[in-house]
Amino acid sequence: MATNDSKVNNARVMAMFMAIRNSELKNVRTLQYDSKDMVKRITNYIVKQADDAASDSKEADVE
Amino acid sequence: MAVKKEPPHVFEYFKTSEVFINGRFKEYVDKMWVQNKVQESMVKRLVDLYAIAAVIGLRAKRRLPDDRVGDDKRTIQMKQLTDTYQTLAPIMKLVLMLDESRGLNEEERIRSAFRIPETKEEHDAGMELFNSYARGGIEYIYEMLVVRPGSPDDEYGDQRINNILALLKDPMECPEIG
Amino acid sequence: MKFESIKLHNFMRYKGETEIRFSCNDDKNVTVVLGDNTFGKTTLAQAFRWGLFEELNTTNYTKKKDIVLLNNEVIATMSPESRQTVSVEIVIRDGNTQWKFTRTSYFKRKTAGDRDLAIVQDGESKLTMIIIQDGIPGKVINNNGENTGADEKKYKKGCVQETIENMLPRSLSNYFFFDGERWGDAKTAKSEVKGSINTILGVTGLIEMMKHIKDGQGKTVLKTLRERIKGSGDEYDRLQAEIKALDDSIDEYEHKIKDEEDALETSQRERDKLAKALNDNRQIEEDQKKFAQLEKDISNMEEDRENYYADVVKMFSGSARFFAGEMLPQVDALLAKVDLEGKDIPGVTVDTVDYLINLGKCLCGEDLSEDSEAYKNLMQLRKVIPPEMIGGAAGKFRDLLYDWQYNAQSLVSDIEDKAGDFDSIQDRIYEKIDEKDLLEKKMDRKANIAALRKNYNTWVSLCRNHEQKRNEYVVRLDFAKKTRDSKNQQLDVLSRQNEANESVNRAIAYAEAVYAMAERQLKKKQSGVFEQLNEIISENFDRMFNDGEKYAKLEDDYRIHVYYHSVGGSKDYEEQNLSNGEATAINFVYIVSVLELARRKAAEEAGAGETDSGIINLPLVLDGPFSTLSNENTSLVAKKLPEFAEQVIIFMLDKDWASSGLDEFVLPEYCYRVNKEEKANSSTIERGGLE
């Protein structure tokens, strides 16, 4: 089992960073969501992305 | 043998009683002299004004009767008169010499000036003559120092001073003899 | 972000509907409204301000509390029961999204009386927003929070206003609503300016992100994730509890730090205000000394003047002799007419006669009793012989008068000299009085410097206290964070031992990585911002002022300070007293520099392959900005604006238009003119103002 020692995919990190930041910028102007909502949304997004990343690498491993 | 006679009894001018300034003359005087307040006055002492007024009255040929309305008056004290005797006495002589209202001839006038009054009547008459000129003088001076509004010839900033100078330079009518 | 249009309804001098559309063209991005003073240009700026922030500014003509929003002609037609509305609608566009903001106020007559035209606002103002995405309008969103359905939670009370604030930060409104005539109220706090610059540079997005992921108070992504970790064992639980306690402390410290920083900023502001007042008052201390001296001088001179007068009085008091002496000619004339020589009988004097009288018998033997004829004759004789003869006395008298005349000859000139002295000193007194009055006007005699100084010292020590406390908390916060982070690491080690946590741990890793990226980005953006901005400011200042002796620098208070190069190695000296024109120009330098920085940063990031770096491009709305600038500076500044601002909306006088050189940036349909009929109360706007 892979020790989860911050093995992150840099490209994915970059993509996540851009996505979250864009969402923040938009929210700053429209104030659609308050802080609590933003935290929730970002959390869910990161978790999903992390899981996707894991299954990608598993596939990669398999390949 | 005749007993040594004392010189005749004398009633010297300015040595017997105070001088009073009454009625409207008091009003005039009050505008020109405030006791102890030099900045509001034009003469230092009332007796100074008195002396000046007598001469001015004589020069301007103005004699005025007394104006005894009510009890309000200003008093020139004996002490003041005594202190100023050396000025008042000669002025009295001047008055007696130059006054023409008594119907005296020139020699009589001159003599009257150099006599010491021997009777009370003479003394009183002389004092009244002097005072009537003084009153006239007070009125004249009042007109010059207080009423006078100033003229383009006035040289200085302070109007009181200007009026004093105007009075000093005023030719006034001089009594002519002959 | 650009303004698309503004629509006024019965707003101040614009009766009925008045609409202006603004140029959103990328190159010709200037919209201009021309018109003479008092015609209504400033009202347009007020419309922006009121529409966006429900704020008004005091103008040259009216204090803000006295401003009546509703058009006067409309007021005049109002019956006692009628209700009229004033509204301003502003449409803003950013890419494919438009926002339509509408603010409405209702007015009714104050009293039922016929002649009283006073009006009063009826109820609260209303603010709504409609978001139009790709041309499709959404629902009307109300600022009072009364939004039904799913919107209710999202769009709470104040949501519309906050949206406006985020797009067009109120703190920056003094920068992008540049009111040339009212400049000088630089009350913006340093933190607001700094925050505003962050906003402009698009750094806010990063900061928000970092806040949500890790730094925020309350719930964060990392906190949420960590809470999902299943722990096992006492050690695990213990660590978790400790971490929770630390998180609470961290929150507390962060709050306290913010409080202290706010208090510190307030104290600094007060302290600086007082420092300025004291500086002004240093002059007053000296002025007060000077004033007291003048009063003393005047008093002394008045005393001298009174003494001169007293001297005159004294001299005049002795003038009886002067007047009498002048009568000498009359006396001489009189004496000449009379023979006063008397009888000069050799050897016979008054003593002789007195002796004979005493004896009672005359030389010739006649009896000299009092009633005798002989006695009378002898008495008459007595009067005319020496020394009684009047000639002598008269002679003495006229000699006396002569002496009087002689001694008094300088009386008049002496008095005139005194009068001259009196006048000279009176003149000097007047001069001094004038000087004193001028000085008095200059200083506020009520200024109590001791109290000012005491106040100042109080604020100084307050600043120190707040700073100390803040630093203390920062240290503690730092320690708490480090402790927490290390405990988190311990927790991570433990948690990895539980496979169930794998997913969460992965998410945590990504979250940390994203955070780190954001942090790096932030550092990159912020690093050198201050220096870069300073560079730009310096350049622009030199260009505008062209004054080799002075230079400008942005200091820690985020304000521009102007200095003189030192002469002879001493410390550079700060120019405290800028003229109105100079202060205006400096603030232009600031705005233009900030905008230029934003542009440069955007170019940098675009060059580095970044799209949408979040840099805000603010539209500029300028009201009479050039009124205090010289023609040369007007042209310098004006040309830069379209270059650095995304959109420029400008109200100005014809004469400033000529020197602005902006015509190459304006499309003819975006040039307006404000008109006012001579007798009319209201103004109108028409297109094509450039003829």
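1. A polar contact is a pair of N or O atoms within 3.5 Å; within protein, one must be able to donate a hydrogen and the other to accept it, and residues adjacent in sequence count only if both atoms are side-chain atoms. Between chain B and chain C, eight residue pairs are in polar contact, both residues at pLDDT 80 or more. α4(B) gives the most residues to the side of chain B that touches chain C, namely eight.

2. This is a predicted model, in which local features need pLDDT of at least 70, side-chain atom pairs count only at pLDDT 80 or more, and totals for chains, interfaces and linings use all residues. Residues are numbered from 1 along each chain as its sequence is written, chains are lettered from A and ligands numbered from 1 in the order in which they are written, and side-chain values use heavy atoms, with hydrogens and water left out.

3. Contact (heavy atoms within 4.5 Å) links 50 residues of chain B with 46 residues of chain C. Together the two chains bury about 4300 Å², 74% of it on carbon and sulfur atoms; buried area is the accessible area (1.4 Å probe) that two parts lose on being put together, summed over both. On the side of chain B, the most area is lost by F114(B), I161(B) and L168(B), together 15% of what that side buries.

4. Two salt bridges (a side-chain nitrogen of Lys or Arg within 4 Å of a carboxyl oxygen of Asp or Glu) are found across this interface. K169(B) and E416(C) meet in a salt bridge through their side chains, at 2.6 Å from N to O.

Note on methods
Helix = DSSP H or I, 4+ residues; strand = E, 2+ residues; numbered from the N terminus.
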